[in-house]
Amino acid sequence: MSHELAMSINRRALLGKSLALSPVLTGSGALLFQAPAWAGAQIEEPLIDSVRTALSSAIANHAPPVPEFPDTESRLRYLRWLGAMSERLVRKKSDWNTRKEFLQTVWYEARRAGLDVSMVLGLIQVESNFRKFAVSSVGARGYMQVMPFWTRVLGDGDASKLFHLQTNLRFGCVILRHYLDRERGDVYMALGRYNGSRGKPQYPNAVFGARRLWEPQTA
């Protein structure tokens, strides 16, 4: 069984969702059908000023996602990771430069937020199946299915920016970090809060399952 087929079967089993497909019109006019987004419905909650300021500051830092390494071995580990993840992602993103930009940005934003990169990739798989322009039934947008209200709470209110690669991943990682802090490091509860289903097992278990597909192989 191919790795891609295993990923597809695993994801369907984990989610336990309907396989109904939604039509998408491509730039060439062809009609494709894709699985619907999971609908990551984060719930808008009041934030105290210090938290809002900290989150806004984290969002506003627009440093480009260029990896920096303290030594050669760290750089080599990153390049090995990039090569391995690129092979796994090739069926979702066929262009090498697109895969490289995506993976580099995920790696940068996840580490910047103090998150496990494999978990972030698993979350993206469950939330949007790696579709940049995914929109859920409740309006969540992009790779990490960020709800538009976050751009009003933490940014300039322009929800269209959530379709920008780094902006979406920046928001998603900062929000997940915020939920982890609120749940005192409890990943299970933080994932449920991210999806708007706190305390229910389906979503965290789906992300944990998908996460295993993106963990680097160890010798």
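1. Where pLDDT is low, the predicted coordinates should not be read in detail. For the protein as a whole, the mean pLDDT is 84, and 81% of the residues reach 70 or more.

2. As to the overall fold, the protein has 9 helices and 2 strands, and its elements run α-β-β-α-α-α-α-α-α-α-α from the N terminus on. Among contacts with a separation of 6 or more, 59% are accounted for by residues 24 or more positions apart.

3. Of the 219 residues of the protein, 46% count as buried, while the accessible surface comes to about 11,400 Å², with 54% of that area belonging to carbon and sulfur atoms.

4. Helix H3 (residues 72-89) has 18 residues and should span 26 Å at 1.5 Å a residue, which agrees with the 26 Å between its end C-alpha atoms. At its N-terminal end, H3 is capped by aspartate 71, a side-chain oxygen of which lies 3.3 Å from the backbone nitrogen of glutamate 73.

5. The buried residues of H3 are Ser74, Tyr78, Trp81, Leu82, Met85, Ser86, Arg88 and Leu89. Seen down the axis of H3, these buried residues fall within an arc of 155 degrees, so they line one face of the helix. Thr72 and Glu87, on the other side of H3, are exposed.

Note on methods:
Residues numbered from 1 in each chain as written. Predicted model: local features only at pLDDT ≥ 70, side-chain atom pairs only at ≥ 80, totals over all residues. Heavy atoms only, no water. Helix = DSSP H or I, 4+ residues; strand = E, 2+ residues; numbered from the N terminus. Buried < 20%, exposed > 50% of the residue type's maximum accessible area, 1.4 Å probe, protein only. Contact = heavy atoms within 4.5 Å. Areas by Shrake-Rupley, 256 points an atom, 1.4 Å probe, with all protein chains shown as cover. pLDDT = per-residue confidence, 0-100. Expected span 1.5 Å × (residues − 1). Arc of directions from axis to C-beta. Polar contact = N/O pair within 3.5 Å; in protein donor to acceptor, adjacent residues only side chain to side chain.
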